[in-house]
Amino acid sequence: MISNGKSKTVIELHVNGDSHEVMVRSGDTLLDILREQLGLSGAKRSCENGDCGACTVLADGKPIHSCLSLAIESCDQSLMTIEGLMGSPIQQAFVDNWAIQCGFCTPGFILNCHALATEHPNASDEVIEEWMCSNLCRCTGYQEIKEAVQSVVRASGNA
Amino acid sequence: MGTVLSYRLASLEETIAQLSREDCQIMAGGTDLMVQHKSPMGAPARFDKPVMFIDHLKELKQIDQVNQDLHIGACCTYTEILEHPLIPNIFKVAIKQIAAPAIRNRGTLGGNICNASPAGDTLPLLYIFNAQIRLRSSKGERVVGIQDFILGPRRVDRLREEILTEIILPEMLADRIVFEKVANRRADAIAKISFAGSMRLEGGRVGEARFAFGAVGPTIVRSLDIEQKLKGEAFPLDPKVVDGVVAYFDRIITPIDDHRSTAAYRKTVALRLLRHFLETM
């Protein structure tokens with residue numbers, strides 16, 4: 001893949017099971033392409049520093065900060081945004097456990113916790129806390145978020 | 001203008017060939033590079049050179065043991081290193097203190113080294129392990145010690161056509177290895193001070209002691225002279241010997257005041273970490 005700086009390059013992005021051809025500049029972040037070109041505004045623009053996790057998406061199942069990724073880097077990855085997780089158990093668990101206050105951090109947290117529950121179906125509290133370090137909640141509702149994750153982990157662990 | 005070319009080539013061979021023709025900004029994870037080059041509010045990131053992505057290259061993602069040495073591909077992410085059975089436990093202790101899992105899914109060991117931040121979290125351990133850096137270009141290969149590779153803040157001894165391909169970790173025999181990171185919070189924090197130390201005892205005496213400080217000078221601080229002098233000292237060390245070592249580092253470490261900490265705090269804590277390391281086993 002060689003992207004010519006003088007014009008935009010067409011790349012294919014695989015998001016939530018669909019393939020999209022998008023025109024990108026070399027310096028376009030994955031976050032901007034998802035939001036501005038694909039209309040997937042679930043990933044939020046916030047610190048743009050990799051600190052807060054509001055822009056989290058899954059790349060091949062692993063949480064990454066889309067503000068620190070260039071769109072061109074993601075062309076051979078399978079991406080998932082919050083829009084692809086509609087109706088998932090983790091989303092319902094956030095609702096059931098009141099793990100949402102202002103909601104701005106919620107998409108990032110849900111994707112991160114979905115990846116956690118997928119990769120570690122029997123995650124200990126220690127592992128849950130370590131994973132939650134990737135995201136910040138300015139309303140500080142961490143306890144409810146942790147309880148939401150615990151409820152999903154317990155459910156899948158028993159299955 | 002900030003728009004430039006970018007390359008994401010299929011093999012290491014092609015990547016090296018292109019680097020021999022053109023000076024590029026190599027990106028191996030980019031978790032710090034993107035912070036340095038970002039633009040506000042949706043404008044594209046600005047680079048003054050073409051961007052060469054290398055962290056997808058399979059050739060740079062191997063971890064192998066060769067004789068007593070561990071060879072770690074430069075573009076292994078922290079997550080991949082953390083999950084690998086051959087990696088020494090103390091590196092896992094250190095990596096768990098780097099950023100947070102989502103950053104560790106992108107950040108790479110080679111990137112951390114070439115970024116050459118005085119506060120680079122993996123660097124003090126790489127120094128005390130006497131890590132070797134393998135570089136490759138179209139002209140050939142060379143291997144250089146990490147202490148010679150890192151020249152200063154953001155400056156490394158890498159020619160523009162070279163790629164850091166792997167980090168070689170010689171086996172280290174030690175009775176105790178420690179890594180300490182002092183930062184504002186547990187996750188996503190840049191070190192105010194970091195410290196790595198190892199000690200091997202032989203019949204009640206110091207067989208070998210190695211220690212290095214991060215974030216208290218332009219590069220990692222280590223003194224082979226002092227380490228040599230400690231060899232053969234009875235352990236536990238005589239308080240006068242400990243005082244002497246601490247006084248020596250009081251003179252040679254030169255921390256700065258910045259938004260993360262003060263020079264005075266950094267020096268005080270660094271010397272206490274050293275004293276604690278020398279006094280305990």
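Predicted model: local features only at pLDDT ≥ 70, side-chain atom pairs only at ≥ 80, totals over all residues.
Visitor: Where do the domains of chain A lie?

Guide: The assignment gives domain 1 (2–83) and domain 2 (87–155) in chain A. Their C-alpha centres lie 23 Å apart.

Visitor: How many residues of the two domains of chain A are in contact?

Guide: Domain 1 of chain A brings 18 residues, which touch 13 residues of domain 2 of chain A. About 1200 Å² is buried between these two domains, and carbon and sulfur atoms give 67% of that area. One salt bridge is counted between them. E119(A) and K62(A) form a salt bridge, with closest N and O atoms 3.4 Å apart.

Visitor: What can I read from helix α3 of chain A?

Guide: Start with its span. The helix covers residues 106–119, 14 residues in total. From first C-alpha to last it reaches 20 Å, close to the 20 Å expected at 1.5 Å a residue. Then look at burial. Eleven of the 14 residues of α3(A) are buried, so the helix is largely enclosed by the rest of the structure. Among them are F109(A), I110(A), L111(A) and L116(A).

Visitor: How is the size of an interface often given?

Guide: It is often given as the accessible area lost when the parts come together. Here, chain A and chain B bury about 3000 Å² between them, with 53% of it on carbon and sulfur atoms. In chain A, the residues that lose the most area to chain B are L68(A), E73(A) and E130(A), together 19% of what that side buries. The contact takes 35 residues from chain A and 36 residues from chain B.

Visitor: How many salt bridges cross the interface of chain A and chain B?

Guide: Four are found across it. E130(A) also forms a salt bridge with R104(B), where the closest N and O atoms are 2.6 Å apart.

Visitor: Which face of strand β2 of chain A is covered?

Guide: Follow the side chains along residues 9–15. T9(A), I11(A), L13(A) and V15(A) make the covered face. V10(A), E12(A) and H14(A) make the uncovered one.

Visitor: Which strands pair with β2(A)?

Guide: Take β3 (residues 18–24) of chain A to begin with. It pairs with β2(A) in the antiparallel sense over seven bridges. I11(A), from the covered face, stands opposite V22(A) in β3(A). The hairpin has two residues between the strands, and N16(A) takes a positive phi near 50°. Now take β6 (residues 78–80) of chain A. Two bridges join it to β2(A), and these strands run parallel. V15(A) stands opposite L79(A) in β6(A).

Visitor: What is the pairing of β11(B)?

Guide: β11(B) and β12 (residues 193–202) of chain B pair in the antiparallel sense over seven bridges. I177(B) has S198(B) in β12(B) as its bridge partner. Strand β11 spans residues 176–182 and is mostly covered, with five of its seven residues buried.

Visitor: Which peptide bond is cis?

Guide: The bond from F235(B) to P236(B) is cis, with omega near 5°. P236(B) lies in the loop between α9 (224–230) and α10 (239–252) of chain B.

Technical notes: Residues numbered from 1 in each chain as written. Chains lettered and ligands numbered in written order. Heavy atoms only, no water. Helix = DSSP H or I, 4+ residues; strand = E, 2+ residues; numbered from the N terminus. Expected span 1.5 Å × (residues − 1). Buried < 20%, exposed > 50% of the residue type's maximum accessible area, 1.4 Å probe, protein only. Pairing = 2+ DSSP bridges. Domains from an automatic or database assignment. Contact = heavy atoms within 4.5 Å. Buried area = accessible area lost by both parts, 1.4 Å probe. Salt bridge = Lys/Arg side-chain N within 4 Å of Asp/Glu carboxyl O.
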